[in-house]
Amino acid sequence: MKSYFEPLTGRYLHLNLLGKPHRLYVEEAGQGIPLLCLHTAGADTRQYRALLNDREILKEFRVIAFDLPWHGKSSPPAGWQHTDYRLSSKDYLSIIMDVADALELDRPVAMGCSIGGRIALHLALEYPERFRAIIGLESGAHVDAYYDTTWLHRPDVHGGEVCAGIVSGLIAPSSPEAERWETLWHYMQGGPGIFKGDLFFYMQDGDIRARVAKIDTQRCPLYLLTGEYDYSCTPEDTLDLVQRIKGAEATIMKGLGHFPMSEDPQKFLSYLRPVLERVRASGAARQIPK
Amino acid sequence: MERLAELVNADDRLVWKGRFIDTSFLLEIGETAYLIKVAEGRIASVRRGPFVMPSWDFALRASRETWERFWLPLPPPGWHDLFALVKRRALTIEGDLHPFMANLLYFKEVMASLRPRETN
C-alpha cells in the first residue's frame with residue numbers, strides 16, 4: 001500500500017485540572033463547528049479515529065477528542081501512585097468544561113459515548129448555554145452494577161484481558177472483525193484500575209434519574225443514538241430518556257453495539273451524518289437575519 | 001455439546017489462549033448437566049449427568065431456551081453474550097470464578113464455539 005498521513009493532529013495540552021497540573025493528549029481535525037468527542041470508560045480517543053478522518057464531516061466540523069487524565073496518552077497527575085483512581089460526576093464535568101475553556105471552544109457540540117453519553121446528559125442539564133447541541137451515544141440515566149467490578153483490578157487477573165473480556169459482548173455480532181479487535185485492543189491497553197474507576201461514575205455516582213426530566217432541549221437540543229446490541233445501556237434505557245426529556249430525540253442503530261464509532265465506524269457515520277446536518281442547519285438558520 | 005471438544009481442540013489459537021487453564025466446570029442446559037474438564041486449554045472430557053458427587057470450580061446455569069437463543073447463528077440482542085445473559089438474569093455463574101474471569105475471553109469463545117459459523 002501507499003503510505004500516507006491522516007488529516008488529524010495530536011498534541012499535548014498543559015493545563016490545571018482538579019487543582020493539579022496535567023499533560024493531556026488532544027487530537028483534532030477539520031474546521032467549522034467545534035465537535036468535542038468523549039470516549040468510553042477505560043478507553044481513549046482512538047475510538048473516534050474514523051470521525052477524525054471523515055473528509056465530508058471535516059469540511060463543516062472541527063472534530064476534537066481528548067484522552068481523559070489516566071487514559072490513552074494523557075498522564076495521571078504527579079503523585080498518582082498514592083491514590084485510587086475514581087471518576088466522580090463533579091470531577092468529570094469540571095475536566096470537560098476546563099478543557100473546552102482551554103481550547104477556547106465557542107459553543108461546541110458535545111458528543112460522548114457510554115460514560116461520555118451519561119456525562120452528556122449532565123452537560124445538557126448543567127451547562128445548556130455552553131453547547132449548541134448535545135449528542136449522547138449509548139446514553140442512559142443509570143446502569144445498575146450487573147457484575148462484580150473487583151475482578152477488573154486485582155493482581156492475579158490480567159487487567160487488560162479481563163477488561164476486554166467484559167466488554168467484548170457489547171460489540172454487535174455483525175461488526176467487522178478488524179474494528180472489533182481494534183476496539184478491544186484499546187481496552188487491553190488501559191491502565192490498572194482505570195476502567196473500574198470510570199465505572200464508579202457509570203454505575204454509582206453518575207446516576208441522573210432523579211434530575212433527567214429537568215433537561216431543557218429548547219436551550220440545548222439533545223440527540224440520542226444507541227446500538228441495538230448494547231446490553232449495558234440498552235435501547236430501552238435510551239427510549240426511557242425520550243419519555244422523560246421533552247424534545248429529546250432518539251434513534252436505535254441497527255447492527256451496532258456499545259462502541260458504535262469504533263466497532264463499525266461506517267455504519268455509525270450513516271446514523272451520525274443526519275444528526276450533524278441538523279446541527280449545522282439549525283446553526284445556519286440562526287444566522288439568517290430576520 | 002458432543003462436538004465441543006472437537007471444535008475447541010481443533011482451534012489452535014483458542015487452545016493457546018487457554019494454555020494455563022486446568023479446571024472443571026459444570027454447564028447446565030435446563031435439566032441436563034455436563035461436567036467439562038479443561039486441561040492446558042484443551043477440552044479433556046465432556047461428561048453428561050446426572051452426577052452423584054460432581055466436583056467443579058464454577059458452574060454456568062441457564063434454561064435450554066436461553067442456550068438455544070445464545071447458540072443461534074445470529075443471536076438476537078441481549079442473548080448474544082454470556083454477560084448479556086447474566087445482566088438479564090437468564091444465566092447464573094457461580095463458584096470459584098477465578099479461572100473463569102482470568103480467562104474470560106477464552107471461556108466466552110468456548111461457549112460461542114457451539115454457534116453455527118456464518119458463511120459469508
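Biologist: Where should I start with chain A, and what percentage of its 290 residues count as buried?

Modeller: Of the 290 residues of chain A, 50% count as buried. Keep in mind that this is a predicted model. As for overall form, a compact globule with 290 residues would have a radius of gyration near 19 Å, and chain A agrees, with 18 Å. Along its principal axes, the C-alpha trace of chain A spans about 65 × 45 × 45 Å.

Biologist: How do I read the core?

Modeller: Start from the general idea: in soluble globular proteins, nonpolar side chains tend to be buried together. Here, the largest nonpolar core has 108 residues, and the members that touch the most others are A:C37, A:V63, A:V109 and A:I134. Helix α3 of chain A, residues 115–126, gives the most to this core, with 7 residues.

Biologist: Take A:C37, then. Which residues is it in contact with, leaving aside neighbours within four places in sequence?

Modeller: A:C37 is in contact with A:Y48, A:L51, A:V63, A:I64, A:A65 and A:M111. As for the strands in this region, β3(A), residues 33–38, and β4(A), residues 61–66, run parallel and are joined by 5 bridges. In that pairing, A:L35 stands opposite A:V63.

Biologist: In what order do the strands of the chain A sheet come?

Modeller: The 8 strands form an open sheet in the order β1-β2-β4-β3-β5-β6-β7-β8, with mixed pairing. At the edges stand β1 and β8 (249–253) of chain A; each has a single partner strand, so one side of each is left without a neighbour in the sheet. On average, neighbouring strands of this sheet are turned by 20 degrees against each other, direction ignored.

Biologist: Now a helix with another setting. Is α4(A) largely enclosed or in the open?

Modeller: Largely enclosed by the rest of the structure, because 7 of the 9 residues of α4(A) are buried. Those residues are A:G159, A:V162, A:C163, A:A164, A:G165, A:I166 and A:V167. What covers them includes α5 (177–188) and α6 (194–205) of chain A, together with α4, α5 and α6 of chain B.

Biologist: So chain B takes part in the cover. How do α4(A) and α6(B) meet?

Modeller: For reading a helix, recall that an α-helix has 3.6 residues a turn, so residues three or four places apart point the same way. In this pair, α4(A), residues 159–167, packs with α6(B) at an angle of about 35 degrees, with the axes 8 Å apart. From α4(A), A:E161, A:V162, A:A164, A:G165 and A:I166 meet B:L104, B:L105 and B:K108 of α6(B). By class, this contact has 5 nonpolar, 1 polar and 2 charged residues.

Biologist: And how many residues take part where chain B is in contact with chain A?

Modeller: There are 16 residues of chain B in contact with 15 residues of chain A. On the chain B side, the elements giving two or more residues are α4 (82–87), α5 (98–102) and α6 (104–112). The most come from α4(B), with 5 residues. That side of chain B divides into 11 nonpolar, 2 polar and 3 charged residues.

Biologist: What is the strand order in the sheet of chain B?

Modeller: An open sheet of 5 strands has the order β3-β2-β1-β4-β5 in chain B, with mixed pairing. Its edges are β3 (42–48) and β5 (91–95), each with a single partner strand, so one side of each is left without a neighbour in the sheet. Within this sheet, β1(B), residues 22–29, and β4(B), residues 58–62, run parallel with 5 bridges joining them, and B:E28 stands opposite B:R61 of β4(B).

Technical notes:
Residues are numbered from 1 along each chain as its sequence is written. Chains are lettered from A and ligands numbered from 1 in the order in which they are written. This is a predicted model: local features need pLDDT of at least 70, side-chain atom pairs count only at pLDDT 80 or more; totals for chains, interfaces and linings use all residues. A nonpolar core is a set of buried Ala, Val, Leu, Ile, Met, Phe, Trp, Tyr and Cys residues joined through C-beta atoms within 7 Å. A residue is buried if 20 or more other C-beta atoms lie within 10 Å of its own, exposed if 12 or fewer, and partly exposed in between; C-beta atoms are placed from the backbone. Helices (H or I, at least four residues) and strands (E, at least two) are DSSP runs, numbered from the N terminus. Two residues are in contact if their C-beta atoms, placed from the backbone, lie within 7 Å. Ala, Val, Leu, Ile, Met, Phe, Trp, Tyr, Cys and Pro count as nonpolar, Asp, Glu, Lys and Arg as charged, and the others, Gly among them, as polar. Two strands pair if DSSP finds at least two bridges between them. The radius of gyration is taken over C-alpha atoms; the globule rule is 2.2 Å times the number of residues to the power 0.38. Axes are lines fitted to C-alpha atoms, for helices over the stretch in contact, and angles run from 0 to 180 degrees between N-to-C directions.
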